[in-house]
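Subject: Model handover

Hi,

Here is the structure we discussed. Please look through it before reading my notes.

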Amino acid sequence: MSKLDDTTIVHRKGIETLQRVKREMTQLIMGGGYMKNTRRYKELSDIYKNDGISPGGSSDLLALKLVYEHLKFLICTTCIQ
């Protein structure tokens, strides 16, 4: 979310909101990520839900990345045996 130009956010809330989300996510990462900022993470999550900010594009890419990594693991595991 800190890097992706999420078109779902742009479509639903505008470019200004996208820029804000990217800035807030960058700050969260630079501050140590989720594990060091659980309270801030929860605050932002609640704010985004209340404001109807939905990072659908980021969610789709994350799901695709997880599937890719799982398939890569399965292929590599098969090659080793």
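This is a predicted model: local features need pLDDT of at least 70, side-chain atom pairs count only at pLDDT 80 or more; totals for chains, interfaces and linings use all residues.

Residues are numbered from 1 along each chain as its sequence is written, and side-chain values use heavy atoms, without hydrogens or water.

Start with α2. Helices here are DSSP runs (H or I, at least four residues), numbered from the N terminus. α2 has 16 residues and reaches 22 Å from first C-alpha to last. That is close to the 22 Å expected at 1.5 Å a residue (the span is 1.5 Å times one less than the number of residues).

Its buried residues (under 20% relative accessible area, 1.4 Å probe, protein chains only) are Thr17, Leu18, Val21, Lys22, Glu24, Met25 and Leu28. They cover an arc of only 165° around the axis, so they sit on the same side of α2 (arc: directions from the helix axis to the C-beta atoms). They pack against α1 (7–13) and α3. The face turned away carries Glu16, Gln27 and Met30, which are exposed (over 50%).

Thr17 has a relative accessible area of 14%. Beyond neighbours within four places in sequence, Thr17 is in contact (heavy atoms within 4.5 Å) with Ile9 and Ile53.

Gly32 follows α2, with a positive phi near 110°.

Now the lining of the largest pocket. α3 gives the most to this lining, with five residues.

Best wishes

Conventions. Helices (H or I, at least four residues) and strands (E, at least two) are DSSP runs, numbered from the N terminus.
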